[in-house]
Amino acid sequence: MRTNILSLAICAAAMLPMYSCNDDKPLPPAEEKTGSLDLSSLGVEVEEKENEAESRAVADLSDFIIKISNNATGTAVKEWKYAETPEVMTLPVGKYNIDVESHKLEKSGWDCPYYLGTKAFEIAESKITDIGTIVCSFQSIRVSILYSDALSSQMGEDTRVTVVCNDEGTLTYTPSEKRSGYFAAVPGSTTLVATFRSTIHGSIVEQVTSIPDVKAGTHYKITFRLNREPDVPTEEGDITIGGEGIKVDSSVVGEDKNGNVIVEEDPITGEERPGTEGGGEEPTPPEPGDDDDQFTITPSEGLSFTEANSPDGWDTDKPCLVVIESKAGINNLNVTIGSSNTDFTSSAGEMLPLDFDLATLDKNSKPGSDIASLGLPVGSEVRGKNKVNFDITTLAPLLAGFEGTHTFTLKVTDVNGASVSRTLTFVAK
């Protein structure tokens, strides 16, 4: 009997760990807290100003894209077309964004104005959230190309205007093209370049227009015209245009989605500079306090802000640089590099950023060290200084290997917040 009792005790002791293991089993995960999103009330309105969508019927919203993203992770939770929107969906408790866009954003295209609307919302446990109406506004950069009557009557059939924006978006306008082009607004790439090229009376004429700081939701109307319109006949009554002296210039008017004119630019050609023959009187100096009055921006000899520059012929004896002077001291010197040649942007982008602030870079770490090795000032060599050289003598000749239009946009901001922008344009053939 004692033996049997001992055996039973040993068996019981051996079984204890088994029961202990069962007791240690993890409990099933707690049920995820959720709430509901009422999408039956989802309304989409397209805010149209200045008839931006002249080429696209936005009354039909069926193909508009609805996307819900988690605020914490930034990842998309669900995406569908507006016509396929469910009435109710269940989501985990948390904060979200709902975006409504007219279509997937394209770098450039015809008849594709881009509209976007967004709204933040929160899902509470066991509660129903009503999403309501979302207003979509025009978010493209719209570009129209126009010609003066005098120029239209003289330019050849080979006339083309190539517009480059956001580094990769490119459209070519022919004289018969009456549509507007649409470009994506990309942070860090805010320079638009329009290059006019035509044979006029046997001469190849080219005019490059650069527009810095282009903004989403804006319609830019670029008008090309003869440098001197043929409206004054000779004593014999003839009007003659031709020869090597033909020049074309341009004007730009920008109108935002609310109808406000935010850009009105009239580039000045070399022969029209104030103080030269035919160039008119010297302009009245700006009043104290104007941004331009706070800076002196001087290009080296042979370098121009108003005309296209050639990347050839620059060396140490003929420097390619801009002298920047600030009365109050420089706080930021932003540089944006743009190009119509994607090979150039790809190659350059591997070596250095295409949008950077020289004043905030560190010479002892990347990309500051790489940019400093090109001979450009960085960090304390810029910040607080009253005079800085932006020297691209070593860079300019390299542009010749990449056919197209290349731009360097400089935006200088002083310690008081005043700022001014200038753009250097190089055309490599």
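Ile 324 has Val 388, a residue of S24, as its bridge partner. The model that shows this pairing is predicted.

- Strand S21, which covers residues 321-326, pairs with S24 in the antiparallel sense, over five bridges.
- Both strands belong to an open sheet of three strands, ordered S20-S21-S24 and paired antiparallel.
- Strand S20 (295-299) and strand S24 (387-391) are at the edges; each has a single partner strand, so one side of each lacks a neighbour in the sheet.
- From one strand to the next, the twist averages 15 degrees.
- In general, the strands of a sheet pair through backbone hydrogen bonds, in either a parallel or an antiparallel manner.

**The largest nonpolar core**

- The largest nonpolar core contains 37 residues, and Ile 324, Leu 358, Phe 390, Ile 392 and Phe 426 have the most contacts inside it.
- At least two residues of this core come from each of S20, S21, strand S22 (330-339), helix H3 (342-351), helix H4 (368-372), S24, strand S25 (404-414) and strand S26 (419-428).
- S22 supplies the largest share, four residues.
- Leaving aside neighbours within four places in sequence, Phe 390 is in contact with residues including Ile 324, Val 335, Leu 358, Phe 408 and Leu 410.

**A separate core**

- Another core, of 26 residues, lies apart from the largest one; among its members are Ala 150, Tyr 173, Phe 183 and Tyr 220.

Technical notes:
Residues numbered from 1 in each chain as written. Predicted model: local features only at pLDDT ≥ 70, side-chain atom pairs only at ≥ 80, totals over all residues. Heavy atoms only, no water. Pairing = 2+ DSSP bridges. Axes fitted to C-alpha atoms, helices over the stretch in contact; angles between N-to-C directions. Core = buried A, V, L, I, M, F, W, Y, C linked by side-chain atoms within 4.5 Å. Buried < 20%, exposed > 50% of the residue type's maximum accessible area, 1.4 Å probe, protein only. Contact = heavy atoms within 4.5 Å.
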